[in-house]
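Biologist: I would like to learn how to read a model like this one. Could we go through it feature by feature?

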Amino acid sequence: MLNIKANNPNLKSWVSVPENSDFPIQNLPFGIFSINEEYPRVGVAIGDKILDLKAIFELGHLSGLPFKASDFDSEYLNSMMMHGKEGTRALRDRISELLNIENTELKGDAEKVLFNQNEAQMHLPVMVGDYTDFYSSEQHAYNVGCMFRDPANALLPNWKHIPVGYHGRASSIIPSGQSIHRPKGQQKPSETEPPVFGPCKLLDFELEMAFITYEGKELGDSITTAEADDYIFGMTLFNDWSARDIQKWEYVPLGPFLAKNFASSTSCWVVTLDALEPYRVPGPIQDPKVLSYLEYSGDKHIAIDLEVLIQPENGEENKVCHSNYKHMYWNMNQQLAHHTANGCDIHAGDMMASGTISGGKEGEYGSMLEISWKGTKPFKMNDGSERKFIQDSDTVIMRGYAQKGDLRIGFGEVSSKVLPAK
Ligand code: MN
């Protein structure tokens, strides 16, 4: 395993970290925050606090590293990420050193550089240049195949040879906390009647994780599975909102379009791939054998415990799904190698989402389509109501963390409320 200093499980911080916090000193995720609607800037989460990187840079605590003021005095992480894995790894190591319980360099300035998370506004962490959505969970692909085709031929013939994906829409990726309006669009509710236009009736979430890339190679060059880790900055929780009735009518023959591009919500703290290294696990055996450019060595899957909750207006949270990122068939290295196999270029801030992450059992399905099995098995809520799909005024919340022994690092949450159609 990589020896990354900031991951040492014995480290402790002088900033107090509550038990079960997502943000112990071994995490140190990056994000964009503002206080009192002032300018957004780069911060790092520690316990219930945010360390202001713009402030510590100005105080001279990052001298010796190749960063400049505008890397942190910025409304996106992209500029900081242009320093690549080597740069951000050195930065995270330095932040870990400054927050270490034995370090006194920042203590006199604590009031100037630490802010309360609950007083901060979080923003979209990166300027997303391009967004790709994969379809890499076998159970999800199988479930959808069973519902819309037949269980004997649930997976299409290409599925175990290609990490299937499509190009999505970057402009409508929104940060946690931002509400969405129920989309409108064309649907064809009856086989025998013409299509209609109106508010989506089958609004769904998709439990996904996204990875965010560094600047890649030149157009025409490819990234191998062995190189992929060096091109992945970090990960977020990702809710790929889906309008099932619009999707069903429009997707033939070119795939998802308006059923997907009205909104996708991301969590705001980017947990670095470096911080996730200790949670690597082996992936499934891939049979049939994949083509050589998709072969990989080492453990490239990651165990991240994931859950989805639906909270009705003024109601309690209802857990509708408990899944895990380790259930993926294709890992990020294979996804990135496939994405660039034809010479397609990637850039700092591109987001690539996993596809819906469903486990093998009921209770582990990552969309309402599967949970309610196309609406035939409504989910019973604590308040006695039922959900086949998402209703107006429902808030959908996703949370995730990786854990080993007593040490746990998390992502915070991605939460968005559904408002009526405009
Ligand atoms: Mn999706």
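Biologist: Where does Pro 253 lie?

Modeller: This is a predicted model. Pro 253 sits in the loop between helix H7 (244-250) and strand S16 (264-266).

Biologist: What should I look for in the backbone there?

Modeller: As a general idea, most peptide bonds are trans, and most residues other than glycine have a negative phi. Here the peptide bond from Val 252 to Pro 253 is cis, with omega near -5°. Another cis peptide bond joins Asp 287 and Pro 288, with omega about 10°. Pro 288 belongs to the loop between strand S18 (280-281) and strand S19 (301-302).

Biologist: And what is phi of Leu 28?

Modeller: Phi of Leu 28 is near 55°, a positive value in a residue other than glycine. Leu 28 is in the segment before S1.

Biologist: How do I read a sheet?

Modeller: Strands of a sheet pair through backbone hydrogen bonds, either parallel or antiparallel.

Biologist: Which way do S25 and S26 run, and how many bridges join them?

Modeller: Strand S25 (residues 395-404) and strand S26 (residues 407-419) run antiparallel and are joined by 9 bridges. To locate one of them, take Val 396: its bridge partner in S26 is Ser 416.

Biologist: How is the chain divided into domains?

Modeller: Domain 1 covers 5-123 and domain 2 covers 131-419. Their contact takes 29 residues from domain 1 and 29 residues from domain 2. The centres of the two domains, taken over C-alpha atoms, are 29 Å apart.

Biologist: What describes the size of such an interface?

Modeller: The size of an interface is often given as the accessible area lost when the parts come together. Between domain 1 and domain 2 the buried area is about 2,200 Å², and carbon and sulfur atoms give 61% of that. Asp 22, Met 81 and Lys 85 supply 28% of the area that domain 1 buries against domain 2, more than any other three residues.

Biologist: Which polar links cross between the domains?

Modeller: There are 2 salt bridges between domain 1 and domain 2. Asp 22 and Arg 408 meet through their side chains in a salt bridge, at 3.3 Å from N to O. The two domains also have 11 residue pairs in polar contact. On the side of domain 1 that touches domain 2, the largest share, 5 residues, comes from H4. By class, that side has 13 nonpolar, 12 polar and 4 charged residues.

Notes
Residues are numbered from 1 along each chain as its sequence is written. This is a predicted model: local features need pLDDT of at least 70, side-chain atom pairs count only at pLDDT 80 or more; totals for chains, interfaces and linings use all residues. Side-chain values use heavy atoms; hydrogens and water are left out. Domain bounds come from an automatic or database domain assignment. Contact means heavy atoms within 4.5 Å. Buried area is the accessible area (1.4 Å probe) that two parts lose on being put together, summed over both. A salt bridge is a side-chain nitrogen of Lys or Arg within 4 Å of a carboxyl oxygen of Asp or Glu. A polar contact is a pair of N or O atoms within 3.5 Å; within protein, one must be able to donate a hydrogen and the other to accept it, and residues adjacent in sequence count only if both atoms are side-chain atoms. Helices (H or I, at least four residues) and strands (E, at least two) are DSSP runs, numbered from the N terminus. Ala, Val, Leu, Ile, Met, Phe, Trp, Tyr, Cys and Pro count as nonpolar, Asp, Glu, Lys and Arg as charged, and the others, Gly among them, as polar. Two strands pair if DSSP finds at least two bridges between them.
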